[in-house]
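Q: Please take a close look at one part of the structure shown below, and then set it in its wider context.

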Amino acid sequence: MKLRIFIFFIIFTFFSSMFLYPQEIGPWERVDPGSGFGSGSNRAIFAMAVYRDHLYVSASWNSYSAPGFEIWRFDGSTWIRVATGGIGDSTNICVWSMGVFNDRLYIGTVYSRVYVYDEANTIPWTQVNTDGFGDANNYSVDVMAIYNNRLYAGTYNDYSGGEIFEYDGSGWTLVHDGMLFYSSGVRCMAVYNGFLYAGFHTYYGYGEVYRYDNTPLMWTQVGNQGLDSSNWNPSIRTMTVFNGLLYAGVGSYYWGTQVFSFDGLSWTPVSDYGFNIGSYATHDLEVYAGRLFASLEGRYTTPLGVSIHEYIGGSTWNQVNVLGFGDSNNTQCHDLAVYRNKLYAGTSNSNGCQVWRASYRYPVTAVVSGGNGTVSPASQLVDLGDDGIININPAPGYRINSIVDNNAEQTICNPYCCYDVRDNHNVVVSFALAGYPPTIQLSAVRRTEQAWIVKKDYGEITISITEHPSDPMPVARYVLYRIDGGSMTQLAEFTTAGSHSYNDMFIDEGVTCSYQVKALDAAGTVVAQSEIATI
Amino acid sequence: MKKMTIMLFCLILAGSMMFGAEAKTKKPMVQLNGSFLFPADGNYKDVYGGTVFYPGLQAGFCLSENFFLWLGYDYLSKSGTTPVLEEEAKSTQHILGLGCGYQGDISDKLGFRAQAGILYISYKEEALGEEVSDSAIGFGLEASLVLDLGGDFFGLVFLGYDYASDDVEGVTIKPGGFKTGLGLGVRF
């Protein structure tokens with residue numbers, strides 16, 4: 001008895017877990033055309049952006065022996081390289097950031113260069129600023145953001161402090177001078193509650209968060225001491241807005257990375273140190289399918305490998321990928337991006353960067369209420385944004401009575417389709433006896449057709465089919481038969497009600513013939529028939 | 001069989017008359033006709049239309065200055081559709097004719113001709129998945145204006161009527177009808 005209870009408990013737990021936690025992401029699918037997009041020099045993806053329904057990916061190597069970055073464009077199935085060799089300048093070894101502004105793609109590179117690209121006009125890549133914004137110590141543009149219809153670019157400058165510049169489409173304005181407060185660089189930016197928030201990195205110090213209300217050179221500190229004075233968090237690495245809160249991921253030298261939430265007043269840790277796997281940095285936070293995801297540094301974890309985590313709540317995160325996507329050389333994911341309803345992760349890998357993607361999958365279940373038919377499939381997992389199709393098969397003599405999807409009555413159709421799935425679907429189908437059968441009237445008259453000399457008898461058959469006006473029984477076809485003795489010969493087939501006529505040429509003078517029309521459903525069952533007419 | 005016997009008798013009679021008349025005949029003649037028939041049979045008209053064009057050939061042999069014998073062949077073939085069901089139908093007729101005629105002059109270039117004869121009509125129809133064929137005996141009347149074209153050539157315009165009747169499986173048919181047409185011939 002105890003064994004039975006135990007087995008029941010195991011089975012109950014298994015099935016209830018399917019329904020209580022039905023959503024799942026994955027499996028992950030690798031979509032790049034080859035490690036490093038075919039070049040071993042492309043070891044890292046530091047930035048990705050969605051522009052004009054394409055995913056743009058930077059492929060580069062932060063090394064002066066690198067031949068210059070490449071930019072690749074993806075349409076969901078095919079990759080096209082749109083920039084190579086650092087756009088003709090091999091000193092352009094890295095793209096650190098991307099932003100889409102006024103329907104153009106901007107990239108930030110080493111030497112704090114900003115280039116613009118217009119996919120529609122296929123103009124060549126054009127630099128829109130002076131190197132380093134006029135300051136050679138601005139090493140790179142690490143981050144871009146859109147705020148108040150302006151493009152903001154944050155630089156890395158561990159000599160005189162990271163700076164932030166505002167671009168209105170024609171010129172740049174300095175809005176944060178690195179001398180206002182010391183930092184090594186701007187690591188991340190996000191717009192939250194009408195403010196532009198910037199996260200700073202400080203060598204040998206603590207990461208800090210400032211916000212900007214559109215008053216040039218006026219920044220207000222909203223987070224210091226690396227958001228946790230008990231840990232040494234020198235860098236605020238990433239920020240994003242999720243469910244009305246600002247989330248920030250930090251880099252730490254002590255106990256590992258953490259993620260914090262901010263409500264406008266205070267910061268609250270929402271993860272354990274290092275996510276309990278010893279990761280020291282959260283490189284990106286991304287909202288996908290209404291959930292928050294984090295990509296964690298995997299260079300010093302044991303074992304090695306980048307990990308992607310989904311935020312469950314409290315301080316709980318679930319790892320949703322195999323460590324390093326099964327390759328221990330995939331140690332970092334600097335950018336996560338959402339493109340065409342899928343989550344993309346670009347990795348850093350000493351053998352060449354990789355691109356992985358996964359989709360949230362929602363269970364679409366279908367059940368029959370009360371029998372008299374079947375549905376198929378009874379259960380399926382549908383990728384976010386895809387359609388879930390359910391075939392409905394009424395038993396002979398029955399029709400679909402109702403389709404209820406997540407407690408909402410739907411218009412009857414077969415197959416039933418859950419379009420653009422973004423949630424679990426529970427579809428309940430009921431059947432009812434098919435409606436009223438059609439009325440079929442048949443008349444047959446023997447007539448003679450006269451050519452010049454030849455004359456021949458034929459049967460002139462007139463059929464009138466009337467469906468019930470409000471609740472017609474579904475009929476697949478109406479078949480006219482000639483009855484000769486005990487055999488029935490099919491003469492004609494009609495698929496619609498109304499008036500039809502048919503001339504039976506194969507009758508002989510003086511020989512009796514009989515006719516009948518039968519209405520058949522989709523399964524071939526006779527659901528109505530006419531009287532037999534004899535001539 | 002009876003119709004064939006009568007036709008054979010007529011051909012022998014015509015042949016013996018031509019042979020006997022040979023000493024005093026003038027030049028024999030041959031002419032090619034193009035005719036329009038206005039069928040007398042209502043069923044035929046319903047299926048094949050009110051006008052039928054057909055070609056024909058006629059040979060003549062003078063018995064005297066004004067009288068002549070003639071032998072002719074016409075071929076009719078027409079397709080149509082049955083009146084109610086609009087099924088395809090096709091009929092053919094082979095018309096053999098034999099008779100005598102009278103010819104005279106109106107002026108130096110213009111003459112006239114009147115002729116009558118007996119007709120043997122073989123007919124066939126394919127329609128409604130069946131085929132019926134038979135033959136009938138009838139007669140024909142024809143009047144022509146003949147124009148001398150110079151040399152031995154002549155042209156003519158004619159008007160006539162062919163009559164025949166037969167009973168096929170309870171259906172009375174009437175091949176023939178009014179006809180008119182043009183001809184071109186040569187005497188030799």
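Is Ser60(A) buried or exposed, and what is its relative accessible area?

A: Ser60(A) is buried, with a relative accessible area of 1%; buried means under 20%, exposed over 50% and partly exposed in between, using a 1.4 Å probe and protein chains only. This is a predicted model, in which local features need pLDDT of at least 70 and side-chain atom pairs count only at pLDDT 80 or more, while totals for chains, interfaces and linings use all residues. Residues are numbered from 1 along each chain as its sequence is written, chains are lettered from A and ligands numbered from 1 in the order in which they are written, and side-chain values use heavy atoms, without hydrogens and water.

Ser60(A) lies in the loop that links strand S4 (54-59) to strand S5 (70-74) of chain A. Strands (E, at least two residues) and helices (H or I, at least four) are DSSP runs, numbered from the N terminus. Beyond its neighbours within four places in sequence, Ser60(A) is in contact with Ser41(A), Asn42(A), Arg43(A), Ala44(A), Phe46(A), Phe69(A), Ile93(A), Cys94(A) and Val95(A), contact being heavy atoms within 4.5 Å.

Elsewhere in chain A, an open sheet of four antiparallel strands has the order S23-S24-S25-S26; two strands pair if DSSP finds at least two bridges between them. Strand S23 (282-288) and strand S26 (316-319) of chain A are at the edges with a single partner strand each, so one side of each has no neighbour in the sheet. On average, neighbouring strands of this sheet are turned by 30 degrees against each other, direction ignored, with axes fitted to C-alpha atoms, for helices over the stretch in contact, and angles running from 0 to 180 degrees between N-to-C directions. S23(A) runs antiparallel to strand S24 (residues 291-296) of chain A, and six bridges join them. Val287(A) is opposite Leu292(A) in S24(A).

Chain B has two helices and 10 strands, and 43% of its 188 residues are buried. Where chain B meets chain A, 23 residues of chain B are in contact with 11 residues of chain A. The buried area between them is about 1,600 Å², with 72% from carbon and sulfur atoms; buried area is the accessible area (1.4 Å probe) that two parts lose on being put together, summed over both. Leu85(B), Glu125(B) and Leu128(B) supply 37% of the area that chain B buries against chain A, more than any other three residues. Zero salt bridges are found across this interface, a salt bridge being a side-chain nitrogen of Lys or Arg within 4 Å of a carboxyl oxygen of Asp or Glu.
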